[in-house]
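Student: Could you walk me through this structure, one feature at a time?
Tutor: Gladly; let us look at the picture together.

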Protein chains: 2
Amino acid sequence: MSTPNLSLIFTKIPEGLPVPGEHITVRDVGFDLSQPAPPGGLVLETLYVSFDPYLRGLLRDPKIESYLPPAPLNKPIVAYSLAKVLKSNDAAFSEGDIVRHLLPVQQYNVYTPSESKPFKIEPGVGPEDIRHYLGALGMPGLTAYSSLYEIGKPKKGETIFVSSAAGAVGQLVGQLAKHEGLTVLGSVGSDDKLAFITKELGFDGGWNYKKEKSTQDVINRLTDGKGIDIFYDNVGGEQLEGALATLKRFGRIVECGQISQYNLPPAEQYPIRNTLQVLVKRLTMTGFLVGDANMGPKHAQEHQERVGRWLKEGSFKAKIHEWQGMENAADAFVGMLKGENFGKAVLKVKV
Amino acid sequence: MSTPNLSLIFTKIPEGLPVPGEHITVRDVGFDLSQPAPPGGLVLETLYVSFDPYLRGLLRDPKIESYLPPAPLNKPIVAYSLAKVLKSNDAAFSEGDIVRHLLPVQQYNVYTPSESKPFKIEPGVGPEDIRHYLGALGMPGLTAYSSLYEIGKPKKGETIFVSSAAGAVGQLVGQLAKHEGLTVLGSVGSDDKLAFITKELGFDGGWNYKKEKSTQDVINRLTDGKGIDIFYDNVGGEQLEGALATLKRFGRIVECGQISQYNLPPAEQYPIRNTLQVLVKRLTMTGFLVGDANMGPKHAQEHQERVGRWLKEGSFKAKIHEWQGMENAADAFVGMLKGENFGKAVLKVKV
């Protein structure tokens with residue numbers, strides 16, 4: 001007996017932005033809801049899916065190496081999800097529990113025991129809104145937390161520039177940096193987002209990069225020509241070039257993302273002309289992955305405790321942008337890549 | 001009573017390569033050889049001058065900030081020199097001693113006491129050829145030594161690519177890396193230099209970048225597509241881009257120099273299109289100055305002891321390129337910037 005089970009399938013390798021229905025396609029793959037949970041496993045119903053920029057990198061020709069394995073064609077895309085336990089054959093989980101796990105993006109899944117166990121969300125421990133477990137308390141939050149401290153090395157009185165400052169990672173980086181006593185500047189892609197980071201998140205300044213085309217000029221203006229100590233990069237391209245020009249001696253670049261470049265073929269990628277600044281100003285530019293030993297694993301516990309407490313208290317904010325319905329999964333995915341989301345991008349599948 | 005005293009004067013800010021007689025000019029500034037040494041000071045006769053790429057960065061518009069103060073116009077260029085003490089008014093130095101110090105590039109100088117004392121070369125301690133105190137045992141050698149260990153973090157079995165491998169810094173980096181058990185590749189600007197690094201210095205491979213235009217292709221060929229762990233950059237530009245493309249995960253870039261870019265206006269600097277690799281492969285790219293606390297000061301004693309011993313034993317080689325005569329100082333300076341030297345560039349003034 002088959003129940004409808006909409007799934008987001010990777011159907012063709014995209015050159016630029018994926019096109020819904022061509023490169024990524026929502027299809028009913030069916031599900032047998034009468035099946036029992038497998039030995040040691042679970043039957044899960046997806047509540048929310050997390051859409052993050054790194055997913056674009058999985059939709060590639062498998063011959064191209066990168067930091068994560070390529071997604072297999074004609075299979076569902078796999079993403080961090082929140083799901084409800086419908087049936088359990090593992091004593092650690094009960095029917096009705098909510099778990100976070102990397103799951104195929106579809107309405108129903110069977111979890112069979114594997115090395116990485118689902119994370120059970122204990123009611124009452126963290127913030128009421130469980131979606132934060134995909135954002136500020138999830139992978140993007142841990143990414144922000146571990147890399148800001150480990151690579152950015154923020155010191156009171158310094159100035160940081162965060163690109164994509166209203167995004168899942170950027171909004172947390174900015175608030176953490178404020179907490180540490182830094183002057184915080186951010187770039188965003190709309191005036192609404194600009195108002196959000198400066199008025200609600202407490203950023204000291206910011207700009208809409210679609211209106212202010214020269215990152216170097218705007219940083220110079222906002223810092224009275226003094227420049228910045230840390231650049232937290234989520235965007236790459238012109239903003240990276242402008243940051244290189246305005247970083248002070250011994251400045252640090254946390255290379256977290258280059259969303260402006262992911263959908264461009266190599267020949268069209270933005271050319272950075274001032275890498276000489278790395279030398280002249282003794283900068284350090286470091287790439288990382290949240291799974292690296294000195295990143296997530298080292299900082300996970302502290303991140304959960306501190307950010308969980310601050311969110312619960314209300315001293316930290318985490319804006320979430322929600323699309324709804326698995327039937328809209330492909331459009332939501334592309335919307336996230338285009339920066340249409342205002343805050344952490346999630347897809348609500350069912351509550 | 002004035003003795004002729006040829007001096008290399010900074011006469012005009014160059015846009016590209018300095019032109020002898022226009023931007024840098026040899027002039028007789030005269031010297032009173034009958035004067036006594038000042039209180040606590042010395043009268044010095046220059047024997048050798050060290051010409052190094054960083055000097056180009058001093059010949060700039062003083063409005064442009066950089067890691068070292070700009071050279072003042074219409075004054076002699078200041079460079080590391082070996083000089084003989086003609087007269088001493090400091091008990092630590094005797095007539096006939098040989099010292100190393102940053103001095104105006106001219107035949108005679110008066111040293112007045114300052115924070116940084118001249119370094120006295122003790123006969124019999126290091127190698128017989130005192131010119132090494134400007135190269136492998138001088139600032140370039142300490143640069144190579146401290147940054148290779150501090151930023152490059154070489155591990156046995158890894159592969160390093162050193163650009164400008166026959167230069168003052170590159171030849172030492174390559175030999176140190178061999179000593180640590182790495183596979184060592186180097187790029188050079190002539191077939192003679194290629195024969196030198198592979199046959200005399202023991203590099204495992206190398207190429208003439210004037211003949212092999214794609215750094216990425218040649219590294220892939222020489223490493224069977226496996227790539228490199230460390231890039232020791234003295235050159236910048238296309239070689240940096242090729243290294244970014246071929247660095248392995250967690251690779252390190254020691255950003256020591258970008259000689260290919262120093263004489264270009266910003267708009268003509270080589271654009272690096274694949275900084276995305278820093279992210280994808282979790283690379284670290286770090287600039288430094290030999291005077292930084294964790295560089296020269298931390299490693300100076302070890303550097304002098306180890307490299308001094310190896311040079312004396314003959315297990316390390318340090319090729320020196322000598323121009324002769326202060327009257328040729330401007331041509332030698334430009335020759336060094338153009339890479340005409342084969343080995344560490346020095347000007348012999350008098351022996």
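Tutor: Contact here means heavy atoms within 4.5 Å. Helices (H or I, at least four residues) and strands (E, at least two) are DSSP runs, numbered from the N terminus. With those terms, α1 (139-152) and α2 (168-179) of chain B are among the elements that cover the buried residues of α7(B).

Student: What should I know about the model itself?
Tutor: This is a predicted model, in which local features need pLDDT of at least 70, side-chain atom pairs count only at pLDDT 80 or more, and totals for chains, interfaces and linings use all residues. Residues are numbered from 1 along each chain as its sequence is written, chains are lettered from A and ligands numbered from 1 in the order in which they are written, and side-chain values use heavy atoms, leaving out hydrogens and water.

Student: Which residues of α7(B) are buried?
Tutor: Buried means under 20% relative accessible area, exposed over 50%, and partly exposed in between (1.4 Å probe, protein chains only). In α7(B), the buried residues include B:His299, B:His303, B:Arg306 and B:Trp310. An α-helix has 3.6 residues a turn, so residues three or four places apart point the same way.

Student: Where does α7(B) bend?
Tutor: A bend at a residue is the angle between axes fitted to the seven residues ending there and the seven starting there. For α7(B), the bend is about 35° at B:Glu302. Just after this helix, B:Gly314 has a positive phi of about 90°.

Student: Is A:Leu176 buried or exposed?
Tutor: A:Leu176 is buried, at 0% relative accessibility. This leucine lies in helix α2 (residues 168-179) of chain A. Not counting residues up to four places away in sequence, A:Leu176 touches A:Tyr145, A:Leu148, A:Tyr149, A:Trp310 and A:Phe316.

Student: How much area is buried between chain A and chain B?
Tutor: Buried area is the accessible area (1.4 Å probe) that two parts lose on being put together, summed over both. Between chain A and chain B it is about 2,900 Å², with carbon and sulfur atoms giving 55%. A:Arg273, A:Leu279 and A:Arg282 supply 23% of the area that chain A buries against chain B, more than any other three residues.

Student: How many salt bridges are there between chain A and chain B?
Tutor: A salt bridge is a side-chain nitrogen of Lys or Arg within 4 Å of a carboxyl oxygen of Asp or Glu. The count between chain A and chain B is 2. B:Asp292 pairs with A:Arg282 in a salt bridge, with the closest N and O atoms 2.5 Å apart.
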